[in-house]
Amino acid sequence: MSSPFLIWIDRLKNGQTQTIHESFSPVFLDIQEEELKMDFPVLVVGEAYLTESELILHLSASTKLKMPCAICNEMIEIDLSVKECYNAVPINEIPSGIYDYKDFLRESLLIELPQYVECNQGNCPERLIIAPFMHEKQKETSNFPFSNLGDSNGSTT
Ligand SMILES: [Zn+2]
């Protein structure tokens with residue numbers, strides 16, 4: 001039941017710093033994307049300490065995950081990391097005296113999740129096959145307002 005992400009405020013009184021050096025199962029990230037595979041632990045290093053009125057968390061975290069290439073669908077491994085994240089929580093918002101930093105860690109990492117990945121360092125070999133098609137589509141949509149403008153200009157002059 002007890003979360004591995006807990007910080008006890010009492011232990012930080014008198015200027016103590018809690019060092020965080022953990023390896024968590026990626027399950028806590030609770031990623032719903034079916035195409036995304038997380039088989040690697042999440043490594044977290046950082047510290048927690050108190051100021052006069054706040055709990056300060058200072059974390060860096062890294063892991064790896066697998067996502068399909070947006071073009072050919074091949075699974076590729078990518079790094080997911082955050083560096084030097086700070087979170088300041090007013091101590092009076094932690095009435096239990098125990099702070100669970102799971103959500104902060106999760107959100108910090110999920111923000112960094114790429115929307116789009118491509119294999120072969122962004123140069124998917126299948127790109128060549130679909131490139132002319134993509135270009136055609138782009139032309140259709142982006143030229144539309146400009147060709148309209150050109151027409152009305154032409155008729156007034
Ligand atoms: Zn690809």
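Buried residues account for 14% of the 157 residues in this protein. The structure is a predicted model. It contains three helices and six strands, arranged along the sequence in the pattern β-β-β-β-β-β-α-α-α. Of the contacts between residues at least 6 apart in sequence, 63% join residues at least 24 apart.

- Four strands form an open sheet in the order 2-3-4-5, with antiparallel pairing.
- Strand 2 and strand 5 (75–90) stand at the edges of this sheet, and each has a single partner strand, so one side of each is left without a neighbour in the sheet.
- On average, neighbouring strands of the sheet are turned by 15° against each other, direction ignored.
- Strand 2 and strand 3 run antiparallel and are joined by seven bridges.
- Within this part of the sheet, Thr-19 stands opposite Glu-47 in strand 3.

**The nonpolar core**

- In soluble globular proteins, nonpolar side chains tend to be buried together.
- The largest nonpolar core of this model has 16 residues, and Ala-61 and Leu-105 are those with the most contacts inside it.
- Strand 3, strand 4 (54–68) and helix 1 (102–111) are the elements that give two or more residues to this core.
- Strand 4 gives the most, with six residues.
- Leaving aside residues up to four places away in sequence, Ala-61 touches Val-42, Leu-43, Val-44, Ser-81, Val-82, Leu-105, Ser-108 and Leu-109.

**Phe-28 and its surroundings**

- Phe-28 lies in the loop between strand 2 (18–24) and strand 3 (42–50).
- Phe-28 counts as partly exposed because it has 16 C-beta neighbours inside 10 Å, whereas a buried residue would need 20 or more and an exposed one 12 or fewer.
- When residues up to four places away in sequence are not counted, Phe-28 touches Lys-102 and Arg-106.
- Phe-28 and Leu-105 are 77 residues apart along the chain, and their C-alpha atoms are separated by 9.5 Å.
- Leu-105 is also one of the two residues with the most contacts inside the largest nonpolar core.

Conventions. Residues numbered from 1 in each chain as written. Predicted model: local features only at pLDDT ≥ 70, side-chain atom pairs only at ≥ 80, totals over all residues. Contact = placed C-beta atoms within 7 Å. Core = buried A, V, L, I, M, F, W, Y, C linked by C-beta atoms within 7 Å. Pairing = 2+ DSSP bridges. Axes fitted to C-alpha atoms, helices over the stretch in contact; angles between N-to-C directions.
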